[in-house]
Amino acid sequence: MATFPSPGAISAFSDRLVARDLPDLPDERRAAVVAFVGHRVATLPTPMRLGVGMVALAVAAAGRLIGLDRVTGLLAAHPLPVLGEYVRLVRSLAYAYVWENWPATAAAGAPLVVTA
C-alpha cells in the first residue's frame, strides 16, 4: 500500500538539508538521521502529515525541475511562508536526533574525540 507523503520525497530533501547544514557528519550517521526524520513524519497526525506531504511534493517537483540541491539551498537560505516551516521541521528533527544520539558532535557534524 502506498503511503503519503512519499518516503522518498522526505528522505531526499532531508538528506540534502542535513548534508548542507552538517557537512562533516559521517555518511552512516546522516543515513540514520534521514531515517529518523522519515519515520517521525510518517507518524505525524493525519492533518499534519497531509500538509507536510503536500509541501514535500511541491519541493520534490521543484527539485526535479531545477535540481534538489538548488531548491534545498534556496529554502535553507530564504525561509518562505509554509515552505520555511517544512525546513524548520526537518532541521529540528535532524538536530535533535544528532545531538541526542551523539552529544560529542561539532557544529558542522564531525564527531569530537572525547578524552577522559
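A salt bridge is a side-chain nitrogen of Lys or Arg within 4 Å of a carboxyl oxygen of Asp or Glu. A search of the whole structure, which is a predicted model, finds seven of them.

**View 1. Arg16 and Asp69 form a salt bridge between two helices.** The closest N and O atoms of Arg16 and Asp69 are 2.7 Å apart. The pair links distant parts of the chain. Arg16 sits in helix H1, and Asp69 sits in helix H4, 53 residues away. Arg16 is partly exposed, at 28% relative accessible area. Asp69 is exposed, because its relative accessible area is 51% and exposed means over 50%. Both residues also belong to a network of salt bridges, together with Asp15, Asp27 and Arg30.

**View 2. Asp21 pairs with Arg20 in a salt bridge.** Here the closest N and O atoms are 3.8 Å apart. Asp21 has a relative accessibility of 16%, so Asp21 counts as buried. Arg20 is partly exposed, with a relative accessible area of 41%.

**View 3. Helix H1 crosses helix H4.** Two packed helices are described by the angle between their axes and the distance between the axes. The axes of H1 and H4 come within 10 Å. They cross at roughly 65 degrees. The crossing is right-handed.

**View 4. Thr72 is a buried residue of helix H4.** How accessible is Thr72? Its relative accessible area is 1%, so Thr72 is buried. Beyond its neighbours within four places in sequence, Thr72 is in contact with Phe13, Arg16, Leu17 and Arg20. Which helices do the buried residues of H4 pack against? They pack against H1 (7-21), H3 (46-66) and H5 (83-101).

**View 5. The largest nonpolar core has 27 residues.** In soluble globular proteins, nonpolar side chains tend to be buried together. Which residues have the most contacts inside this core? They are Ile10, Phe13, Val33, Val37, Val41, Val59 and Tyr86. H1, H2 (27-42), H3, H4 and H5 each supply at least two residues of the core. The largest share comes from H5, with seven residues.

**View 6. Val33 is one of the core residues with the most contacts.** Neighbours within four places in sequence are set aside here. Val33 is then in contact with Val18, Leu25, Ala94, Tyr97, Val98 and Trp102. Val98, named in that set, is the subject of the next view.

**View 7. Val98 is a buried residue in helix H5.** Its relative accessible area is 0%, so Val98 is buried. Val98 touches Leu22, Leu25, Val33, Pro103 and Thr105, not counting residues up to four places away in sequence. Val98 and Leu22 are 76 residues apart in sequence. In space, their C-alpha atoms are 9.8 Å apart.

**View 8. Glu85 and Arg88 form a salt bridge within helix H5.** The closest N and O atoms of Glu85 and Arg88 are 2.4 Å apart. Why are Glu85 and Arg88 separated by about one helical turn? The reason is that they are three residues apart in H5. An α-helix has 3.6 residues a turn, so residues three or four places apart point the same way. Glu85 is partly exposed, at 49% relative accessibility. Arg88 is also partly exposed, at 44%.

**View 9. Val82 has a positive phi.** Most residues other than glycine have a negative phi. Val82 is not a glycine, yet its phi is about 65 degrees. Where is Val82 placed? Val82 lies in the loop between H4 and H5. Its relative accessibility is 55%, so Val82 counts as exposed.

Note on methods. Residues numbered from 1 in each chain as written. Predicted model: local features only at pLDDT ≥ 70, side-chain atom pairs only at ≥ 80, totals over all residues. Heavy atoms only, no water. Buried < 20%, exposed > 50% of the residue type's maximum accessible area, 1.4 Å probe, protein only. Helix = DSSP H or I, 4+ residues; strand = E, 2+ residues; numbered from the N terminus. Contact = heavy atoms within 4.5 Å. Core = buried A, V, L, I, M, F, W, Y, C linked by side-chain atoms within 4.5 Å. Axes fitted to C-alpha atoms, helices over the stretch in contact; angles between N-to-C directions. Left-handed = near helix turned anticlockwise from the far one by under 90°.
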